[in-house]
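User: Hey, I'm new to this one. Can you walk me through it?
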Amino acid sequence: MSRPVLIRLTLVAGFLLAWEAVRRLNIVGPLLLASPSEIVSAGVASGPKFAVAFELTFIEIVVAIALSVLLGGSVGAFAGTRPFLGAVTGPVLTSLFAVPLITWYPLFMVWFGIGPASKIAYGVVSAFFPIAINTMNGLRGVDRKYLIYGRAVGCSRMQIILTILIPLALPSIVAGLRIGASLAIIGVVVAEMLASLGGIGFIITSSRNMYATGDVYFGIVLALFCALLANLGLSLIEQRFTRWRDLQASVR
Amino acid sequence: MPKPIVIETRHLRKVYAVNRQPTVALDDVSFEIPEGSFVSLVGPSGCGKSTLLQILAGLVSSTTGEVLVDGEPVTEPMPGKITIVFQDSTLLPWKTVTENILFPLEIQGVPAAERAARATEMLALVGLTDFRDRHPHELSGGMRQRVSIARGLAQHPRIMLMDEPFGALDEQTRLKMGHELLRIWEATGKTIFLITHSLTEALFLSDVVLVMSHRPGRIVGVINAGLPRPRTYDMVGSPEFGAARNEMWHLISADETGEGLAEL
């Protein structure tokens, strides 16, 4: 094992031990903090409940990300490849991104109900803007010489977009995807916490109301786990499609 | 018997609107390029050279006048017939050298076996067979331009247009690439039209050099130095070379605005 990894693991283990000690010595009361061992036993005790919640939240997140990629990607692609459309919609997209979306959530519940649909919708809206904006900017940023090259070798407009522009814009698109995915995860979990009938966010809120601190913390751990999974998936995509960019940068 | 004419321009004129003011970029540009010849166009930067090249390639339309390739008017890009080698290589960075050569052939519907054969042949021609699976960023600037040339020639064009192809290279690489280009030209017998602002490069490479004036771009002279082939570096110092270079210099400096000289 390399030195940085060893030091990192030692630090994490030390942190967990200190955390456990703080609870065992009752420096902080059980309502405020659950020790790592309490969190694990809460997870084991309410395993099935958490499994159901995790499944629901995970599906909501995946659907939300997929829909936002579809919607944000296509709006961004239109805005990025048609200068006039981009000039019309670009500023609108950028300024809407700055609006705190959570203020809309009560309306989302009226529109989509208290079930998963409103969570997915809120997740999609959260992720839509960064994905659309980054896709648009990425496509706009492609050097014009590649367009001329594409036309000269006989590419149709669609071929230029699909085989030249989008691959060149991928690093920017994937960066937007990263921001979008994390916002979608936050969006779904927060929406569940505000009002829902299931999911990780629901468990966190309801367990807190019942003073089940261990369950609250285990819910937080599960939310973290969702983020980790999404991050892992994105890293794989990033490696697969944008490696050339890093290689190129390392040469210069 | 005279060689057939591959590309011909008739009274090309291009007017742009710059801040709603019509600006003449090209005026009455007429010339013809016989098959298999190497013709260059020199002129100061901003004289409309690149505009002319894009008109020849059918990427931009002229205001009046026409371009004929094999007697056929050019109104849109003619993939496979006219290829362009750009100043900055437009190699696709995520594709390997071979994939970059194959890409236009795939677009143009060349059968797979034929594509592979052409790529292999062209890689050998430009001497990059060992680098076929590398990515563009792993190559030097000169090598990238050699790949661009291979990619252009693999399309079996009637004419290859080159827009300052060695402009971004250092002096030594530039000289070597010139030699390399002549070798490739002689091996393939392709018709080449090259745009450059280097008088020496134009004279060294070409059969005929067209001299263009500063805006509006007009052909102010046609230089045929009649230097023997194969060309060697020694010729650059010869009296004929010097005389031809001087003549070009005078043509450009006789430009009434004088702006061309400053930018050369």
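Analyst: In strand 10 of chain B, Ile223(B) is the bridge partner of Val209(B). Helices (H or I, at least four residues) and strands (E, at least two) are DSSP runs, numbered from the N terminus. This is a predicted model: local features need pLDDT of at least 70, side-chain atom pairs count only at pLDDT 80 or more, and totals for chains, interfaces and linings use all residues. Residues are numbered from 1 along each chain as its sequence is written, while chains are lettered from A and ligands numbered from 1 in the order in which they are written.

User: In what sense do strand 9 and strand 10 of chain B pair?
Analyst: Antiparallel, over four bridges, with strand 9 covering residues 208-212 of chain B. Two strands pair if DSSP finds at least two bridges between them.

User: What's the strand order in the open sheet of chain B?
Analyst: The order is 6-7-8-3-9-10, six strands with mixed pairing. Strand 6 (82-85) and strand 10 (219-223) of chain B each have a single partner strand, so one side of each has no neighbour in the sheet.

User: New topic: how many residues does each chain give to the contact?
Analyst: Chain A gives 16 residues and chain B gives 17 residues. Two residues are in contact if their C-beta atoms, placed from the backbone, lie within 7 Å.

User: And which element gives the largest share on the side of chain A?
Analyst: Helix 7 of chain A, with six residues. Helix 7 (144-152), helix 8 (157-194) and helix 10 (213-251) of chain A are the elements giving two or more residues to that side.
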